[in-house]
Structures are given as C-alpha cells and as structure tokens.
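Hi,

Here is the structure I promised to pass on. Have a look at it first, and my notes follow below.

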Amino acid sequence: MKIHEYQAKKILREHGIPIPNGGIAGTPAEAKELAFRLGGKAVVKVQIHAGGRGKAGGVRMVASPKEAEQAAFDLLGRSLVTPQTSPEGARVNTVLVEERVSVASELYVGTVVDRHAALPVIMASEAGGMEIEEVAAHFPEKILKVRVDPASGFQPFHARKLAYGLRLPAHLITPASELIRNLYKVFEAKDCSLAEINPLVVTEDGRLLALDAKLTFDDNALFRHPELQALRDPDQELSLEVEASKYGLNYIKLGGDVGCMVNGAGLAMATMDIVKLHGGEPANFLDVGGGASAEQIENAFRILISDQAVRAVFINIFGGILRCDRLAEGIIQAVKKLDVKVPVIIRMEGTNVEQGRRMLQESGLNFITASDMADGARRSVEAARAFRGMVHG
Amino acid sequence: MSILVDEDTRLVVQGITGREGSFHAKACNEYGTKVVAGVVPGKGKGSQDSVPVFDTVAESVAKEGANTSLLFVPAPFAADAILEASDAGLDLVVCITEGIPVLDMVRVSRSLRGGKTRLIGPNCPGVISPGKAKVGIMPGHIHKRGPVGVVSRSGTLTYEAVWQLSNHGIGQSTCVGIGGDPILGTGFIQVLELFEADPETRVVLLIGEIGGTAEEEAATYIKATMTKPVIVYIAGQTAPPGRRMGHAGAIISGGKGTAAEKIDVFEKAGVRVARSPAEMGELIANTMNLM
C-alpha cells in the first residue's frame, strides 16, 4: 500500500526524524495561510501516489503567500501525469506547503528487503535526489549497503558504517547514525516494503533534514496495522481495481481490447502473453483465484465489461479439481444477468469438461469454445477484430 | 526415484480442520499419500476423516512418525506454524498459505538456514511425485509418472504444463511449485540440484515469471552445472512495469526483472526457451526425441 509524502513524513517525525516545517492544504486559501506562517517563501508540492512530480510541474517554488495561493489554485483538482502514473494521471486533492530549505548536499537512505539474501538491506548514497534505480544502473559503486540479520537485529555499527561511508562531517556522524536507526525502526515497526528518504539533505546551516520521503507498506501485513489502513487514499487507485479487490479479484487494467479472465496469477500472465503472440492486445490482467466460483465469475464479468475498450472476453480456466459443468453454469448465469454483448471465448479444463462445453454450446448465447490455450487466444483475437468491425461498421 | 516426496512420506497436515485443510488432506489421502496426522492447537485427541488430530507437531512426530508437513494455517499464524514444524524435526514443510508478511518470512528463512528442515513455498501449490505421493493442492489426475522434472513459481500454469506433457504421453518424476512470494524457502537452484541428482529425471521444465533475479541465477547454475537438458518458459512478457501481477513477487521494479531480460539470460546460457505457453509440452517432446 502506498501513502502520500506528507503522511510518510508524519510517521518519520513521530520516530524522531527531522522533516521541514509545513502543512497540507486542500484549498488555495489554506495554502496561502500556510505560506504566510512559514514566512512567505515556500515550496508547494502535489500529493499523489507517484514519483516524477518535479519534472511534471507538480512542485512549485513560491516567494509569497499570494504565489502559494496561485500555485495551489493551478495544481488542486487537476490530474497530474508523470512517467509513473497511468496515462490519465493522478488526481491532486492535496498539496504540501513547506518551508524552503537551503541545501548544501543531497543524500539517499532507504530500506527494502533484498529478495536474493532474504534479509532487509539499508542503502545509502551520496548521489541523493535521483532515483536509486538510476544510481544503481549508472554508478553502482556509489550505493553503500548493509544487511540486517533478524537474529541479532539492527546494530549501531550498521548505521556507523553508512554514516562514515557517506563521508559526512564529524558533527553529523551521530545525528546521521541516529536517523538511519530510526528509519530502520519505522521499516520494521510498520512492515514497510520500502522506507526511503530521498533526498536526505544537509542544510547550509549543517543540519540533516528529510526533504522527501516515501513509505510503502506490505499489503500482507496490514492486518496488524489498523493505523496504516486509515491512511489509504482510494482516489489515488484506479476505481475498477479498487472494486475488484473488494471481491478478492486481482485486476490490473492494460491498454488492449481482449479482456482476460483467468484462474491463477501465472496462468493469467501466460494468457496475456499468448494473446499478444497471436497479434492481439490484452485489456487487462485478471486473476479470479484458484476456485473460480460462480460469484467470482459474475463479479469478474462486471469489472471486465465496464472497461469500454473490451471487444472480446477470453476465459481461460484450468480447473483441475474444479467441475467444468458448475463453471459453465456460472458463466451462463453471469452473461445472461449482465447482458454481456461482446463475444466470449472459453477455454476450460477440469472434471466434466465435455458436459460443460455442451452446456455452453446449447445455451444460445454468444460463446465460442476453444480446444486449448492457443486456440482460445487465436479465436479471441479474431473475435475482437470482428466485433470492432461491427461496432465501427 | 523422484525428489522431495515419495512412498516414504508420512504427512501431517497443519490446519487440517479448516475448509482447505480438510478438503486437501482427503484428496492427498485418496491419491495414495500416507496422511498420518493433522495438527490444530486445541483440537488434539480428535480426528478428521479418520486421521488423528494432535495439538502439536511434535506429538504427530512422536505418535505417528510424521516427517513431512502440508501447511494451511492462516497467514497471521503461518510463520509460527512453519517454525513449529521445523522445531519438531520434520524433513520437509510445504506451505500453501498465501499472504504471509514479508518480514515474517525474513525471520523464518533466517531461522531455517543451516537446519535440517526444508521449506517449500509459501504461496505455492505443493509437490507431487506422480504415482507415489501428492503433497499439495494440485489435481492429481492430470499427472503421469515419467522422466520430466517440473519446477515452477506458479500454480495453475504448472497444471497447464503438466496437462500438455501428459497429452504428449510424457510423464513427470516430480513437480515442485516453489511459490510466488518474494521470499521462498526453496529456490529454483536447490530444486535443480535435486533433479540433477535424481536418476528418474531426464529433462527439466522450469517455469519462471517476471520479478526478482531467481531465473537469472538459475540460468547461471544450469550453464555451469547441469548435464540434463532444461526447457524454460517465462510468464509475463506483456506485464507492465511497477505493477504487481497477482503474485507478491511478480513485479518489474526499477526496470529490473522483465521477461525479456530473463529469456535473454537463459538463451545466452544455451537454454531453450518456449516463447508461447502453449509450446511447453511440444518443446519437451522434441527434446526427448533427440535424446
């Protein structure tokens, strides 16, 4: 789960990490008031769940409360498109108004779980301000890493190693070590998948300050963090994806016109791949789960067809234990109830598969049954093309 | 021979009285696996479908000689259950549970390091040695005994591959679903090592997906060590970056972990890669014809 910068900074401050003075505004008047209290000069930053805000014009330096008001007026209520958002962009409901800081140098500190080592790793770099992936690609030697063994836990030397490695002036070694320890504490206490301060700045007057921060939480651990669940901002998530997650469906919208409904994540990815191999474009990733119950199928259909781009639906269910006659019944019911107009191509395997196919064929509905995965993909791409012709012709 | 599970497997099912646990304990038993016990704290001295239920894993070992666990315990309690199984001295724990917090798995993984208990999963379909033992949730009837070892990060895609193989008349020595999570008890390389040493396995099918670097490491291992042919398929060639494709581990982050990258590494290591998921069975059949 992602949260906003201002929410992340609040958590960091609660754990003793210094952040700039400021506050959030939902209206231009509030932004003006905040800038006034900060002494006039300020920075206005859009709060969206995506990076790349600066280059997209979402961060404004202002010299007066009046300018802060104007910046907030320009930014609030619109959608900002950055390389990390969807093409439609992310909606700006809030801006963060902060004091302007005179920066002497920019650093990076962050913590993630290193999948390969199966251990948390704390990273630091003198190349702050740029994406850590970019630093890793261009100057891998500039990233310092320490791994934390959960058996002994975080040790002061972990932080010392990074603080000295960053070649900080002597008076900042202790504050930096403390900050790194506190960041790790947040990472562990809140079950983060990422806890990052980028940039961590050294100010002209020699202080450390978390100028920007990002916390991402492990969805699987949210059950033990009710306080984090309250920070969720559904406005930043695509509505269809939010809707899908309510029903335990895993749905991700893509750009194409062949809707895919599959049981299991691996098979769902493979189904998208095979649609593409047959010259089509998948409209989505959709995993209905291993069981694919009638209710799941109905919910899945509702979400798939609410995407206006979908011209055909390819159902690929490898049931195994699942009974195909039950599956067919679920599909027929859903298509009737929701009045699905687009062609539906079905490939299924499992117990009673012949009976299931017969039920689909005899239903009088617009079903195309496929003998295997490749056949299904081919027919889906053809059907989407033909349907597109019908709609436009 | 086969790997990990066989006629000597004596299975305890942790969480046997739950909906999933009871259903699959029965299915494993019907397949011929020796399901000797169930464990549910607080339900000891009872039974589930005539399988004795104990409060602790240690008891199932002492009274029924359990050596392998199939685990369905809900995610918040799963790490504890895995460590209990390890403490009881089991050889193998197969964890089906999905949604275990990553930091729980960090601790479990560290704790198991160097010990005798091997963990498969979590978030996996399990392990089957056709005709011998099924320790998982896969449909047993699509499998057939034979020479192909299958190792995969996914569930239903593995069933698809097995089904293709069986339709070509090609059986499997053992099929191992290592799981779709970022931190796994057993990775590709450890399973490849077992297949390399297993006399029944002649060819290996490896099914990977986007995210992480496990496939790249497997490619290096295959090139350096494997004498048996390996065929690969990587799911997620059309997956967009930055989005988690169902599996917690299936995400392209920072431009790393793409299917194209993984396919390239395998091909450079001299490994044949199926471009289409519909070609997995055929490629294996062609490979076997050349042997």
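To start with the fold: how many helices and strands make up the secondary structure of chain A? There are 13 helices and 18 strands in chain A. Please keep in mind as you read on that this is a predicted model.

Along the principal axes, its C-alpha atoms fill a box of roughly 80 × 55 × 40 Å. Chain A has 393 residues, and 54% of them count as buried. I also looked at contacts in chain A between residues at least 6 apart in sequence: 68% of these join residues at least 24 apart.

Next, the surface and the charges. Chain A has an accessible surface of about 16,900 Å², and carbon and sulfur atoms account for 51% of that.

Now to the interface between chain A and chain B. On the chain A side, 45 residues are in contact with 54 residues of chain B. The two chains bury about 3,900 Å² between them, with 65% of this area coming from carbon and sulfur atoms. There are also charged pairs across the interface, as the count between chain A and chain B is four salt bridges.

Best wishes

Note on methods
Residues are numbered from 1 along each chain as its sequence is written. Chains are lettered from A and ligands numbered from 1 in the order in which they are written. This is a predicted model: local features need pLDDT of at least 70, side-chain atom pairs count only at pLDDT 80 or more; totals for chains, interfaces and linings use all residues. Side-chain values use heavy atoms; hydrogens and water are left out. Helices (H or I, at least four residues) and strands (E, at least two) are DSSP runs, numbered from the N terminus. Buried means under 20% relative accessible area, exposed over 50%, partly exposed in between (1.4 Å probe, protein chains only). Contact means heavy atoms within 4.5 Å. Accessible areas come from the Shrake-Rupley method with a 1.4 Å probe; for residues, only the protein chains shown count as cover. Buried area is the accessible area (1.4 Å probe) that two parts lose on being put together, summed over both. A salt bridge is a side-chain nitrogen of Lys or Arg within 4 Å of a carboxyl oxygen of Asp or Glu.
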